[in-house]
Amino acid sequence: MTKQIQDAYIVAATRTPVGKAPRGVFKNTRPDDMLAHVIRAVMAQAPGIDPHRIGDAVIGCAMPEAEQGMNVARIGVLLAGLPHTVPGVTINRFCSSGLQAVAYAADAIRLGEADLMLAGGTESMSMVPMMGHKVAMNPAIFDNEHIGIAYGMGITAENVAKQWKVSREEQDAFAARSHERALAAQAAGEFKDEITPFQLDDHYPDLANDTIRTDSRVISQDEGPRAGSTPEVLGKLKPVFRNGQFGGTVTAGNSSQMSDGAGAVLIASEKAIKEYNLQPLARFVGFAVAGVPPEVMGIGPKEAIPLALKRTGISRDQLDWIELNEAFAAQALAVMKDLELDPAKVNPLGGAIALGHPLGATGAVRVATLVHGLRRHKQKYGMVTMCIGTGMGAAGIFEAL
Amino acid sequence: MPATLRIRKAAVLGAGVMGAQIAAHLTNAGVETVLFDLPAKEGPKSGIALKAIENLKKLSPAPLADKNLAAAIIPANYDEDLDHLKEVDLVIEAIAERMDWKLDLYRKIASHLSKTAVIASNTSGLSINTLAEALPEEMRHRFCGVHFFNPPRYMHLVELIPTRLTDASVIEGLEAFLATTVGKGVVIAKDTPNFIGNRIGVFSMLATMHHTEQFKLGFDTVDALTGPAIGRPKSATYRTADVVGLDTMAHVIKTMGDTLADDPWHTYFKTPAVLQGLIDAGALGQKTGAGFYKKVGKDILVLDPAKRDYVPSEQKASDEVAAILAIKDPAEKFARLRASGDPQAQFLWAIFRDLFHYTAYHLADIADTARDVDFAIRWGYGWKLGPFETWQAAGWQQVANWIAEDIKAGKAMSDAPLPAWVTDGRNGVHGKEGSWSAADGSYKPRSQHPVYARQLFPDAILGEKFDQGTTVWENDGVRLWTLGDDGVGILSFKTKMHTVNDHVLDGIQHAIGVAEEKLKAVVIWQTSEPFSAGADLKGALGLLKDGKFDAFESMVANFQRTSMRIKHSLVPVVAAVRGLCLGGGCEFQMHSARTVAALESYIGLVEAGVGLLPAGGGLKELAVRAANANPADPFESLKKVFETVAMAKVSASALEAKQLGLLRESDVVVFNAYELLHVAKQVAASLAESGWRPPLPARAIPVAGDTGTATFKASLVNLQAGYFASEHDVAIASRIADTLCGGGIERGSLVDEAWLLKLERKHFVELARTEKTQARIAHTMTTGKPLRN
């Protein structure tokens with residue numbers, strides 16, 4: 001284990017509910033507003049701290065443009081009502097952006113550069129589509145060795161399914177289980193600790209009555225889990241990325257959902273915890289990121305997980321809870337097979353297939369799930385891990401306190 | 001001049017199959033339309049209409065010419081929305097065929113209508129005069145029947161049925177509205193049961209069913225005999241019944257039985273046993289999956305009534321009958337049919353004989369003229385010739401004698417005598433003085449209604465000839481001619497399917513030169529559909545097979561010169577498009593000063609289907625348009641057209657062609673194809689009068705460059721990796737992308753038209769050299785279908 005100056009502790013963690021994109025509850029909710037919401041909420045969970053002491057707000061976003069461009073981190077900080085002394089930086093590592101933000105923020109504390117840090121992620125896939133509004137590819141990618149850059153995520157999932165021999169049936173069964181677990185978790189109130197309900201105030205024209213109709217609702221639950229998503233029902237869907245007649249297996253049903261959402265954590269040093277009498281939820285143990293061929297990007301966690309375990313000195317079997325982002329059932333199953341992860345420990349509350357995957361926010365969202373979940377279930381070590389577009393994987397390890 | 005009926009807004013009452021589709025077609029035509037139905041018991045009160053509108057987007061063939069138009073139809077219900085009616089100029093009632101329901105509804109709406117609104121019923125069987133009586137007296141003169149055929153967008157016929165009290169001006173106004181705005185072929189019918197089309201059409205079905213049994217023929221055999229083999233639609237008899245629905249068929253037959261007690265053929269107006277048997281078994285045709293036919297997997301099985309089961313269908317006409325049907329001379333064909341001992345031939349003679357007999361017998365009661373009967377059947381049932389035309393073509397007197405003999409011999413379905421006029425020594429019912437009116441005992445010319453002055457070449461009845469104009473110049477490929485003295489030349493191709501070969505290319509260029517000297521505008525118009533099926537593949541493949549690539553490239557260059565000649569002509573060149581407008585034909589209309597397109601225009605740059613890309617200036621023109629639309633980011637505008645061209649999409653209507661970027665916003669859509677030439681000439685003359693100048697040569701066109709091409713290619717990589725596109729598909733599409741984006745240069749670079757044309761030629765010739773493209777061309781030439789290799 002590397003000797004470090006000090007440990008970093010998560011003292012508050014929350015998230016919005018996750019809405020479906022592009023036509024879900026947050027279709028008109030701006031990503032900077034969602035971000036400001038979760039920043040306000042984590043600040044409220046640590047009353048008494050002096051916001052001027054916050055070193056930086058590191059915020060992940062996978063398509064940082066338009067509504068979530070313009071350095072959305074800084075905008076979120078200001079909109080949340082924090083003093084102008086709190087800086088903000090938006091970072092992008094696609095689907096692990098939110099987790100990467102937590103790691104960078106924790107590093108600032110571990111290095112002794114700050115005692116309080118904000119980290120999080122935000123993403124509106126309703127407002128900013130995959131690949132952004134303006135796609136402009138580099139002509140150089142068509143040299144054979146770079147063709148993987150051109151691949152959409154779906155094709156890489158098909159590649160993983162083929163190479164790792166993950167069948168359509170296995171994928172659909174996994175997807176069905178994700179929905180089943182998510183619905184059970186919702187029924188049991190498992191997400192209550194981590195979700196900060198969001199007050200929706202959408203304005204629509206009421207042409208018939210010549211007035212403005214306001215849709216005011218409090219959103220407090222994830223929108224994605226769908227009852228009746230049985231393997232039989234999912235089995236009827238057509239593969240969308242590779243022609244079914246040519247072995248395509250990846251469908252809209254066994255892929256993650258497009259989503260809107262945000263998450264944030266407040267990270268503190270031991271010194272700050274004592275000074276402000278904070279209650280730490282978890283210790284940030286360590287993080288790793290690794291690269292794999294872009295054409296099989298989904299296998300990324302297979303490289304990142306062992307690296308994170310090695311760096312932190314924790315064994316796989318010490319992990320009680322693994323949040324493995326279900327970008328696609330195919331890649332999640334391939335990673336689980338190769339690393340022999342215990343299916344019971346992976347995504348016990350369901351995963352992105354049911355709960356949604358707001359790209360750059362997902363890391364922070366799942367950190368909130370994990371740190372609250374570990375405490376509630378009196379477990380110790382947990383991990384958040386995911387694959388990353390263009391071929392990477394990330395894994396972060398947390399210890400409940 | 002009759003009073004013009006101005007219709008800003010219309011209401012359709014009843015959101016069933018016909019009502020919703022009529023509302024859709026009025027909306028296609030730009031008529032604001034309210035669609036009413038009963039208030040829904042649950043959910044939003046206009047839920048029934050809403051659901052019907054939603055369903056319009058899914059129906060095939062599409063009732064909407066552009067799916068986005070669904071949002072323009074206003075859903076309504078009788079509880080809350082009757083207020084709409086006071087703004088409405090036309091009400092079309094299309095509720096269920098129940099006299100009591102219709103009368104109730106008329107009473108309910110009467111007080112809400114404006115004092116000038118026209119009210120029309122789309123009933124197909126009930127008496128219009130009886131319906132009129134339910135209306136307050138002051139409304140009866142504004143009421144009539146207006147009977148659309150299913151599907152209303154595609155069936156040309158509308159029967160217009162005045163009552164005793166309908167104002168002539170209402171009928172005249174509606175006739176003009178239906179013909180020009182809605183694009184329909186109007187036939188004025190008398191108020192007799194089933195009017196004209198269904199009276200004759202359904203009788204023909206009943207006679208066919210009767211003789212099927214008499215001659216013990218299989219249903220599939222009858223369909224093989226009564227489809228395209230005799231100039232009728234592919235669905236022929238029994239497949240049509242399955243599509244219509246066997247319960248609906250039975251209902252129509254029952255209406256005839258109930259209302260036509262005095263008809264000498266009345267004994268046949270009952271549901272045939274086999275049809276009733278199917279209905280009793282719940283086999284109602286296509287909607288229940290089984291009827292006369294049943295689809296099992298990919299196979300279509302046919303009912304064998306003897307076995308009471310479905311058996312594989314493979315029946316064709318017998319060799320003898322096939323040979324007879326191939327005879328060109330109708331007189332000989334009918335003589336041979338009647339003389340043949342083959343039961344199939346006897347069957348065919350019998351169905352024609354009884355149809356002719358029935359139609360002649362009833363002509364005086366149901367229609368003003370024989371022309372109206374023939375048009376009703378052609379436009380309402382899709383036959384190439386109406387019953388009188390068929391008879392006359394086969395030799396009127398000879399056939400009349402045969403019918404009379406058969407009646408005498410007891411072979412005909414009825415012993416009712418032929419009307420005396422049939423055998424008064426005439427040679428037919430259509431002649432120089434017009435068409436026969438049995439009611440008036442005279443020949444009547446075509447309607448003098450001014451709306452028909454817009455039809456320079458109306459649908460011709462047998463033997464009818466129109467002024468072919470004056471030739472200004474012609475070669476083997478084209479004819480440049482004028483009609484009238486408006487100074488607008490008409491340029492028509494002489495090739496089959498109006499394909500484009502060297503003669504056409506040279507001809508167009510030369511003709512434009514002639515027009516610049518002698519005329520003030522040119523309309524490219526074909527004397528028949530289609531506008532053009534594109535380049536002549538046979539000639540092209542010949543050059544390739546012989547390895548004459550230089551000649552091939554100069555042919556392409558000539559194509560481009562022709563397009564550019566059209567674009568830069570000193571007199572405006574207007575393209576008048578109807579039907580297919582593919583490949584090179586599409587490129588010509590893209591280069592025209594303005595395109596005037598009939599609604600039913602199927603436009604596409606389909607070169608990718610034969611392994612090529614549009615190289616007659618089509619891609620160049622799309623790049624120029626993208627640059628004009630969005631000079632800062634032409635790529636943004638290219639996205640849609642790239643997909644259109646790479647997937648060789650063909651528009652399902654002129655309106656959709658605008659959505660696809662193949663027609664311009666400024667191009668004109670004409671609803672009645674018979675008015676196309678008139679409108680195109682007007683547009684051309686008006687462009688000329690407005691001081692036409694061709695566009696300045698485009699010398700600074702910003703292009704999307706190599707980044708644009710790379711972005712298109714990235715999406716193609718995924719399609720190929722997903723096996724949704726073959727390697728050759730991707731090769732073609734990549735070259736399309738490269739041309740649209742201006743080649744391997746920096747984005748935003750400025751190029752001229754010559755640069756883009758050269759790229760088109762380069763990629764075209766390089767693709768043509770590939771084996772796979774040559775295989776695609778050969779395959780399409782032999783099968784008419786694209787090859788995916």
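Which residue in β13(B) is the bridge partner of Gly431(B)? I looked it up and found Gly434(B).

**Ground rules.** I'm working on a predicted model, where local features need pLDDT of at least 70, side-chain atom pairs count only at pLDDT 80 or more, and totals for chains, interfaces and linings use all residues. Residues are numbered from 1 along each chain as its sequence is written, while chains are lettered from A and ligands numbered from 1 in the order in which they are written.

I counted two bridges between β12(B) and β13 (residues 434-437) of chain B. For my notes, strands are DSSP runs (E, at least two residues) and helices are runs of H or I, at least four residues, numbered from the N terminus; two strands pair if DSSP finds at least two bridges between them.

**Domains, chain B.** Ten residues of domain 1 of chain B contact nine of domain 3 of chain B, a contact being C-beta atoms, placed from the backbone, within 7 Å. Helix α5 (residues 168-181) of chain B gives the most to the domain 1 side, three residues.

I also checked UniProt: an unreviewed entry annotates residues 9-192 of chain B as "domain: 3-hydroxyacyl-CoA dehydrogenase NAD binding", and such annotations may be inferred rather than shown by experiment. That stretch of chain B is 29% helix and 21% strand, with its end C-alpha atoms 30 Å apart.

**A helix inside.** Buried here means 20 or more other C-beta atoms within 10 Å of the residue's own, with C-beta atoms placed from the backbone. Among the buried residues of α20(B) I noted Cys586(B), Phe588(B) and Met590(B). The cover includes β18 (521-524), α19 (549-567), β19 (573-582), β20 (594-604) and α21 (618-629) of chain B.

Note on methods:
Two residues are in contact if their C-beta atoms, placed from the backbone, lie within 7 Å. A residue is buried if 20 or more other C-beta atoms lie within 10 Å of its own, exposed if 12 or fewer, and partly exposed in between; C-beta atoms are placed from the backbone.
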